[in-house]
Amino acid sequence: MAILGHLSRLSGVDVPLANLDRPLWPFDLSRRLVAEGLGTALLLAVVIGSGIMGDRLAGGNIAIALLGNTIATGAGLIVLITVFGPFSGAHFNPVVTVIFAMRRELPWSNACPYIAVQLIGAILGVWLAHAMFAEPILQVSTKLRDGWSQGLAEGVATFGLIATILACLRFRARATPVMVGLYITAAYWFTASTSFANPAVTVARSLSNTFAGIAPTSAPFFIICQFAGAAFAATLFGWLLKGCSNP
């Protein structure tokens, strides 16, 4: 971010910075979809791959395995949002896409293909991680994550994610990639569910019987709570931010 700003000042050219709002360069829809799908695939490769690596190296210590999973995911998010933000907006998440469509900042005709490539990319990312660690490619998770406390945790995690995105885009757009990465890093530890906060991630992780997996029977409730948390955040912050203008 700082490098782009420095180059902008030196060259006299206004260099746009990555955020989750909308593409910053006029890429056509096909390029935006490829970027969105690729970014989501790499995100899941980070989540699943770091979970496998952490689990293998931790010697049975779940806290150490989760710490490794957390650091890799948070750092990966910062990089991926910065890289793919100028192309597609770097949503990587159906609830983010739906919120922007509801706010009329993304056409619904674009939102549906975005969600499709997010789901496809997420599954391909899981398979890529399996291949890198010599795991069976096709798996189904047996890790149950049931109960109202887990659902509440997912609602809170997704509420915080959408709140972070909307507030940052209004007041500190340049900081959005870092803030999202830091929020997810924290949410891994303060939520009982370890903060999936993403329906595409939830579906894809149900196809991995590894450290970061979730049983398919647990996934639907997670997804319902994710959308509920996102809707609450969008409503509340829509009201809080009403009348505000970008600095």
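Leaving out residues up to four places away in sequence, Ser193 touches Arg145, Gln150, Ala153, Glu154 and Phe222. This is a predicted model, and in it Ser193 sits in the loop between α7 and α8. Is Ser193 buried or exposed? Its relative accessible area is 0%, under the 20% cut-off, so Ser193 counts as buried.

Now for the helix pair. Two packed helices are described by the angle between their axes and the distance between the axes. Here are the two partners:

| Helix | Residues | Contact residues include |
|---|---|---|
| α6 | 148–171 | Trp148, Gln150, Glu154, Phe159, Ile162, Leu166 |
| α9 | 219–240 | Phe221, Phe222, Cys225, Phe232, Leu236, Phe237 |

Helices α6 and α9 pack at an angle of about 40°, and their axes are 7 Å apart. The crossing is right-handed. Sorted by class, the α6 contact with α9 has 15 nonpolar, 6 polar and 1 charged residues. Gln150 and Glu154 on the α6 side, plus Phe222 on the α9 side, take part in this contact, and Ser193 touches these residues too.

On to the core. The largest nonpolar core has 55 residues, and Leu43, Leu44, Ile48, Phe92, Leu161, Ile162 and Ile165 have the most contacts inside it. At least two residues of this core come from each of α2 (29–57), α3 (62–88), α4 (94–102), α5 (108–132), α6, α7 (176–190), α8 (199–205) and α9.

What is Ile48 in contact with, leaving aside its neighbours within four places in sequence? The list is Val126, Ala129, His130, Arg205, Ser208, Thr210 and Ala212.

How values were computed. Residues are numbered from 1 along each chain as its sequence is written. This is a predicted model: local features need pLDDT of at least 70, side-chain atom pairs count only at pLDDT 80 or more; totals for chains, interfaces and linings use all residues. Side-chain values use heavy atoms; hydrogens and water are left out. Axes are lines fitted to C-alpha atoms, for helices over the stretch in contact, and angles run from 0 to 180 degrees between N-to-C directions. Helices (H or I, at least four residues) and strands (E, at least two) are DSSP runs, numbered from the N terminus. A crossing is left-handed if the near helix is turned anticlockwise from the far one by less than a right angle, and right-handed if clockwise. Contact means heavy atoms within 4.5 Å. Ala, Val, Leu, Ile, Met, Phe, Trp, Tyr, Cys and Pro count as nonpolar, Asp, Glu, Lys and Arg as charged, and the others, Gly among them, as polar. A nonpolar core is a set of buried Ala, Val, Leu, Ile, Met, Phe, Trp, Tyr and Cys residues joined through side-chain atoms within 4.5 Å. Buried means under 20% relative accessible area, exposed over 50%, partly exposed in between (1.4 Å probe, protein chains only).
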